[in-house]
Amino acid sequence: MINKLHISTIAEDAAELAREYKLGLEVTEFCTAFNMDRDFETWDRQIYEKIQDVDKLVFHAPFNELCPGAIDPLIAEVAKRRYAQAYQLMRGYRTATMIVHSGFIPMVYHEGWFAEKSIRFWSEFLADKPEDFRLYLENVMEPSPDMLLEIVRGVDDSRFRMCLDIGHAAIVGKSLSLAEWVERFLPFIGHVHLHNNHAERDTHSALDDGTIDLAPLIRMVADSVPDATFTIETAGCARSSVEWLLGNGFDKLARKVDS
């Protein structure tokens with residue numbers, strides 16, 4: 001069960017915690033696409049240093065300015081090229097799991113049209129990928145789960161599931177309770193991003209630093225989707241969040257190696 005929890009490499013102590021608790025890592029160095037081009041050797045070396053002796057990895061794909069449901073076909077083509085580039089890197093880092101954003105921006109895109117374009121985009125992207133590949137679509141700026149669920153249902157591929165980001169839902173999805181977000185996503189959840197905030201800004205704070213009551217939400221997912229994996233996605237240090245999980249009875253997610 002320990003391999004269900006990952007630490008995002010945005011945390012400065014991610015590699016240290018991964019080794020200490022025998023956790024996985026979520027590689028985030030290429031969330032900005034030009035890192036795959038500019039100073040790539042430096043980023044690549046840093047990643048290999050972090051992932052030494054780490055068995056479980058998740059790869060967060062780039063997302064800045066990338067939009068699979070873009071109105072401009074040239075922008076969609078850029079997204080296609082960048083995701084293909086990210087897939088090749090991901091495989092080089094010994095993982096078959098990739099997190100992507102939808103690229104949706106409220107008041108810019110029409111949800112129905114955006115979903116239709118996205119279904120086509122992700123279906124084509126998955127067409128030549130192996131059976132062990134897992135692609136998780138993360139909620140970011142979507143005001144409700146509905147459009148993302150339409151996309152996942154429309155692609156209709158067991159390799160394509162949701163990455164539930166509870167912190168993002170707390171900021172932009174206030175028309176529903178967080179329990180309702182979890183309930184709607186449950187049949188399609190593959191991965192969960194864990195961080196806290198005060199429902200105003202996307203601060204990616206420690207799990208005990210905010211107004212989100214995370215414990216019952218984590219239990220909902222862990223009880224209903226036993227194969228779901230998790231990432232602590234906090235800025236700064238993640239140690240207090242690992243300790244919070246242990247203190248709240250989530251020892252199946254994280255357990256000190258020498259305990």
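Q: Is the crossing where α3 passes α4 left-handed or right-handed?
A: This is a predicted model, where local features need pLDDT of at least 70, side-chain atom pairs count only at pLDDT 80 or more, and totals for chains, interfaces and linings use all residues. Residues are numbered from 1 along each chain as its sequence is written, and side-chain values use heavy atoms, without hydrogens and water. A crossing is left-handed if the near helix is turned anticlockwise from the far one by less than a right angle, and right-handed if clockwise. The crossing of α3 past α4 is right-handed.

Q: At what angle do helix α3 and helix α4 cross?
A: Helices (H or I, at least four residues) and strands (E, at least two) are DSSP runs, numbered from the N terminus. Axes are lines fitted to C-alpha atoms, for helices over the stretch in contact, and angles run from 0 to 180 degrees between N-to-C directions. For α3 (residues 73–92) and α4 (residues 111–126), the axes come within 12 Å and cross at roughly 35°.

Q: Which residues of α9 meet α1?
A: Helix α1 (residues 14–21) packs against helix α9 (residues 239–247), with axes 10 Å apart. Contact means heavy atoms within 4.5 Å. Glu16, Leu17, Glu20 and Tyr21 of α1 meet, in α9, Arg239, Val242, Glu243 and Leu246.

Q: Why does glutamate 65 count as exposed?
A: Glutamate 65 sits in the loop between β3 (57–60) and α3. Buried means under 20% relative accessible area, exposed over 50%, partly exposed in between (1.4 Å probe, protein chains only). Glutamate 65 counts as exposed because its relative accessibility is 72%.
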